[in-house]
Amino acid sequence: MFDILIESLAYPFVRYALIVGVLIALCSSLLGVILVLKRFSYIGDGLSHVAFGAMAIAAVVGLADQMVLTLPITILCAILLLWSGQNAKIKGDAAIAMISVGALAFGYLLMNIFPTSSNVAGDVCSSLFGSMKILTLTKTEVVLCIVLSIVVVIAFVLLYNRFFAVTFDESFAKAVGTKTRLLNFVIATVIAVIIVLAMNLVGSLLVSALVIFPALSAMRIFKSFKSVTVFSAILSVFCAFTGIILSILFNTPVGSTIVITDIAAFVICSVIGKIRG
Amino acid sequence: MEQLICKNLKLGYENITLAEDLSFSVEAGDYLCIVGENGAGKSTLMRTLLRLQKPLGGTIEYHDDLTASSIGYLPQQTIVQKDFPASVYEVVLSGCQNSLGFHLFYSKAAKERARKNMERLGITDLAKRCYRELSGGQQQRVLLARALCATEKMLLLDEPVAGLDPLVTSEMYSLIEKLNDEGITVIMISHDIACSVKYAKHVLHIGNEFFFGTVEDYKKSPAGSKYLGEGGHHHHHV
């Protein structure tokens, strides 16, 4: 068993996958805490569908680097969704359902009308559920992923106190002069970046699992915002690492293996939380 | 000295007017109670005073260096907070966010202020406890300590005793009275008119009837006698 592992790790693309996987898991769990607490979990889900649609467009247009298109479109939608979510008159959840289902249908249609390869079903499947086996990334993608992840982590650490304030009580934060609009804008942008990054790893249907599970698991056990955030990051990294290794060992799809690991961790955390009361 | 002067305020949303022609002023050290029926625009008035939304008409003047960031606010609790994993200290410290300025982290002075205000409200021993596990009264104390971190001048309280049992309610009222005695201006929304009148110095009644003046005058006014009944000890039902 370990032979397979050591043998696999000799390949650069396997090492890339591990690095990228761990970084994405770290970023998504940090923002996941905010998303879950702000009751925005569904936004992550909606956005991943939007990213799928955008990716289909990029593929049809024939862009070499699909992120050039998927990133701005997803960011734009994230901002629109957060905005509408705050306006009580427009039903935020209905708007998200509309956009996400629309983008999914639109993307699938595009990929069928303008097939870019002979295996459309396989393409669709891997963009929805992630690569069948270990993901293959180019060096540029790896570098881009590392840079974006570092930016996300730094932004999170620097804005940590403000993020807490705006998540716990937006009215109070606004009343005492915190720029809540700007912060929500930053949160929306960062979420969009993470979704697009994570989509490569686990596919667009499974992205929100990466975002919400570590946060929910940490919330079962820990009782302060800081400890929840830290534990959720550690847990997420651990699960992503374990998931990727397991997928190599047992030759399973990487995305769903990571998600299953996250779910297992959630169950364990729930039990621990119950026992501790 | 007057801290806040409102002239001919018109409140509401785009095409719904909730209240019109509100003129009143608040002096430093005052204790003003805002009362009125449900939907009279009490919370909207408070949000407008906090500059969370714009008035449809009229003006608000702030004096005594009263910027938006030097008003302490105790909002009604939201659903989000019901299961929020945050320690008491984290919540209280977040009251210092207006002193962050361009800094990224809280200063020593801010942390000290958070500690002092926890002591002031008797919640020091709860510092590491989880906010969501506290009783309603303890949670209100935490939020009040947070509001105090934001100001030494003026507190705006939106139904601070909603959902509290009678004993905790009267504790909360005496706590607010104590803070008012220390020189902090208090503006409070309340459903409980009888009790508010007991502690307040001025009353602002909005809705079907308008009244602004001292508590003594309010008791004699048509609006006051209607809502208070004889002697001011009857609870009215909304």
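**Notebook: the contact between chains A and B**

I began with one ion pair: Arg39(A) makes a salt bridge with Asp83(B), with 2.7 Å between the closest N and O atoms. I took a salt bridge to be a side-chain nitrogen of Lys or Arg within 4 Å of a carboxyl oxygen of Asp or Glu. Between chain A and chain B I counted 3 salt bridges.

The model is predicted, so I kept local features only at pLDDT of at least 70 and side-chain atom pairs only at pLDDT 80 or more, while totals for chains, interfaces and linings use all residues. Residues are numbered from 1 along each chain as its sequence is written, chains are lettered from A and ligands numbered from 1 in the order in which they are written, and side-chain values use heavy atoms, without hydrogens and water.

I then looked up polar contacts (a pair of N or O atoms within 3.5 Å; within protein, one able to donate a hydrogen and the other to accept it, with residues adjacent in sequence counting only if both atoms are side-chain atoms). Between chain A and chain B, 14 residue pairs are in polar contact, both residues at pLDDT 80 or more.

H8(A) gives the largest share, 7 residues.

For the extent, I counted contact as heavy atoms within 4.5 Å. Chain A brings 27 residues and chain B brings 38 residues. I get a buried area of about 2800 Å², 59% of it from carbon and sulfur atoms; this is the accessible area (1.4 Å probe) that two parts lose on being put together, summed over both. In chain A, Phe168(A), Phe172(A) and Lys223(A) lose the most area to chain B, together 26% of what that side buries.

Last, I checked ring pairs (centres within 6.5 Å; planes under 30 degrees apart are stacked, over 60 edge-to-face, the rest tilted; rings of Phe, Tyr and Trp, the last by its six-membered ring). I found 15 aromatic pairs over all chains. Phe156(A) and Phe163(A) are tilted, at 5.8 Å centre to centre and 50 degrees between the planes. Phe168(A) and Tyr131(B) are edge-to-face, at 5.3 Å and 85 degrees. Phe168(A) lies in H8 of chain A and Tyr131(B) in the loop between H4 (108-120) and H5 (136-150) of chain B, so the pair joins two chains.

How values were computed
Helix = DSSP H or I, 4+ residues; strand = E, 2+ residues; numbered from the N terminus.
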